[in-house]
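Biologist: Could we go through this model together? I would like to start with the overall picture and then move to details.

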Amino acid sequence: MLPIDAAAHGSRWRRRHPLDKAVLGLGLTVLAISLPPWPGAALVLAAALTVLLGPAGVPGRRLWRAYRVPLGFCVTGALPLLVQVGGPDGFLAAAPDGPVRAGELLLRTSAASLGVLLFAFTTPMSDLLPRLVRAGVPAPVVDVALVTYRMSFLLLDSVRRVREAQAARLGHTTRAATWRSLGGLGATAFVRAFDRAARLQTGLAGRGYDGTLRVLVPPARVSVPFTAASLALLAALTALALTLEGPLS
Amino acid sequence: MVPVSQETGQGASTIHEVLERVRRVMHIAEGFLPPAHAIAWGVASAPFVVHGVRSLTREVREHPESTLLLGASGAFTFVLSALKLPSVTGSCSHPTGTGLGAILFRPPIMAVLGTITLLFQALLLAHGGLTTLGANVFSMAIVGPWAGYGVYRVLRRGQAPLMVAVFFAAFVADLSTYCVTSVQLALAFPDPGSGFLGALGKFGSIFAVTQIPLAVSEGLLTVLVMRLLVKSSRGELTRLGVLLSKGTKQEAMAP
């Protein structure tokens, strides 16, 4: 299981309905990209971090391991904003408002990422996917997504074992051997995926498979107080950001 | 993110390490695009994804067992992007997998499988994002597969050998994905001095240095994979319409 999904299964909020957590986490993400970066995104960032490390109980170390990925992209992506092409100062020169734009982008992206991480760290995929049918996603698409989700772990494990076997047979010692091994790895993944699907089909056919994959979903009800508190937090953040925007900018 | 890893080639010891490598495939991160751009790319992607969903739903209703094969295809696409790809420049990155996926499963199905994969990467790996899902779907699940598949069909109709067509399909799919990402970023962040074109030059030059060699690498890897599949999985490739069944003169076409 992947680290974020494993953390979600052990989360304090695991039993909460995904809609509760979507309102809070994805609401924070929407605010992060909609409000002015300063002070709006900064406030969202602080609020999301407080909720993640406080009430949601996400371990800081795990959060950092997941959070550094989007942060790395944001830093790389913000660098081009520091320079401008053409203009009176030469072909390539420092952009006059480059640091401000880069800083605002970093604030917005890092705050938005935390909102999604709040949802991901508290909601296992196995709780979310089956409920997407009620949200209007066609059942066949949800079934395919469920099979993809469950088979990905098995296939990744197979790929890891094949890689280890190839390495033990000196399959990565030269460039030519590496290419050969890599080609074999890709082909093996394809063969194993289809072989597993065929065996799954045989097993399900023996159990009266009629084209729909029924799975048990842990029962959960939407909490009105939790959702109301989330909406109140989002409204307070919006009001605070718009109030402080003038004095702080 | 621009790939810079210089690993030694030893196998990853955990699933997490394998997936650390998935993350270096280029996606636009959460919150990176302004709201108007995020919505616009979502709207642009929607017709293709809806078309793919209709194709997939029809296929599953007619052949219920296809659910499992399509799920396996999605898992294969997900895992394919985890393979470490040595670049001809000496660095390494990871294949987008869009070219091979389009040849095997056709672009409409890839639009759905790609969307599912990108959703998983956003929620399970914190890579990409939900607000940027539309933009990422447009580049990786729509333009890449369609461009790669278009080149593949043209070359096959021109009697090009299978492996030549496979190489150029993977090369074009990879490169077009990154070109579209550069356009998306340039539209969102125009250069203060030279506008959209200047920004396109900035983002494009950053990607061109790394992505052209990597597109060549992905083409080579895809050829190697396809060569092995032709030997080991002829039945599946025939079922998918990639290879001719015995006695068939014209190559199978997607509906």
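Biologist: How confident is the prediction for chain A?
Modeller: This is a predicted model. Chain A has an average pLDDT of 89, and 99% of its residues score at least 70.

Biologist: Where in chain A is confidence lowest, and where is it highest?
Modeller: The lowest mean, 78, belongs to strand β2 (residues 92-94) of chain A, and the highest, 95, to helix α2 (residues 18-34) of chain A.

Biologist: Which secondary structure elements does chain A have?
Modeller: Chain A has nine helices and two strands. Read from the N terminus, the order is α-α-α-α-β-β-α-α-α-α-α.

Biologist: And how is chain A divided into domains?
Modeller: There are two entries: domain 1 (3-123 + 220-248) and domain 2 (131-205) of chain A. Their C-alpha centres are 33 Å apart.

Biologist: What are the dimensions of chain A?
Modeller: The C-alpha trace of chain A spans about 70 × 55 × 35 Å along its principal axes. The radius of gyration of chain A is 23 Å, whereas a compact globule of 249 residues would have one near 18 Å.

Biologist: What share of chain A is buried?
Modeller: Buried residues account for 43% of the 249 residues in chain A. Among contacts in chain A with a separation of 6 or more, 76% join residues 24 or more positions apart.

Biologist: Turning to the interface, how many residues of chain A are in contact with chain B?
Modeller: On the chain A side there are 79 residues, in contact with 68 residues of chain B. The elements of chain A that give two or more residues to its side are α1 (3-9), α2, α4 (60-78), β1 (83-85), α5 (98-120), α7 (139-168) and α8 (175-205). The largest share, 20 residues, comes from α7(A).

Biologist: What is the make-up of that side by class?
Modeller: The side of chain A that touches chain B has 48 nonpolar, 20 polar and 11 charged residues.

Biologist: Which residues touch the most other members in the largest nonpolar core?
Modeller: They are A:Val44, A:Leu118 and B:Ala169, in a core of 148 residues. Helix α7 (residues 162-188) of chain B gives the largest share of this core, 16 residues. The core lies between domain 1 and domain 2 of chain A, because both of them give residues to it.

Biologist: What does B:Ala169 touch?
Modeller: Leaving aside residues up to four places away in sequence, B:Ala169 touches B:Gly99, B:Ala102, B:Ile103, B:Gly148, B:Tyr149, B:Val151 and B:Tyr152.

Biologist: Next, B:Val137: buried or exposed?
Modeller: B:Val137 is buried, because 26 other C-beta atoms lie within 10 Å and the cut-off for burial is 20 or more. B:Val137 is in helix α6 (residues 133-157) of chain B.

Biologist: What surrounds B:Val137 from elsewhere in the sequence?
Modeller: Not counting residues up to four places away in sequence, its contacts include B:Ser45, B:Val49, B:Leu118 and B:Ile142. The C-alpha atoms of B:Val137 and B:Ala46 are 9.3 Å apart, although 91 residues separate them along the chain.

Biologist: And B:Ile142, where is that?
Modeller: B:Ile142 also lies in helix α6 of chain B. B:Ile142 counts as buried because it has 27 C-beta neighbours inside 10 Å. Beyond four places in sequence, B:Ile142 touches B:Ser45, B:Phe48, B:Ala111 and B:Val137.

How values were computed: Residues are numbered from 1 along each chain as its sequence is written. Chains are lettered from A and ligands numbered from 1 in the order in which they are written. This is a predicted model: local features need pLDDT of at least 70, side-chain atom pairs count only at pLDDT 80 or more; totals for chains, interfaces and linings use all residues. Domain bounds come from an automatic or database domain assignment. Helices (H or I, at least four residues) and strands (E, at least two) are DSSP runs, numbered from the N terminus. A residue is buried if 20 or more other C-beta atoms lie within 10 Å of its own, exposed if 12 or fewer, and partly exposed in between; C-beta atoms are placed from the backbone. Two residues are in contact if their C-beta atoms, placed from the backbone, lie within 7 Å. pLDDT is the predictor's confidence in each residue, from 0 to 100. Ala, Val, Leu, Ile, Met, Phe, Trp, Tyr, Cys and Pro count as nonpolar, Asp, Glu, Lys and Arg as charged, and the others, Gly among them, as polar. A nonpolar core is a set of buried Ala, Val, Leu, Ile, Met, Phe, Trp, Tyr and Cys residues joined through C-beta atoms within 7 Å. The radius of gyration is taken over C-alpha atoms; the globule rule is 2.2 Å times the number of residues to the power 0.38.
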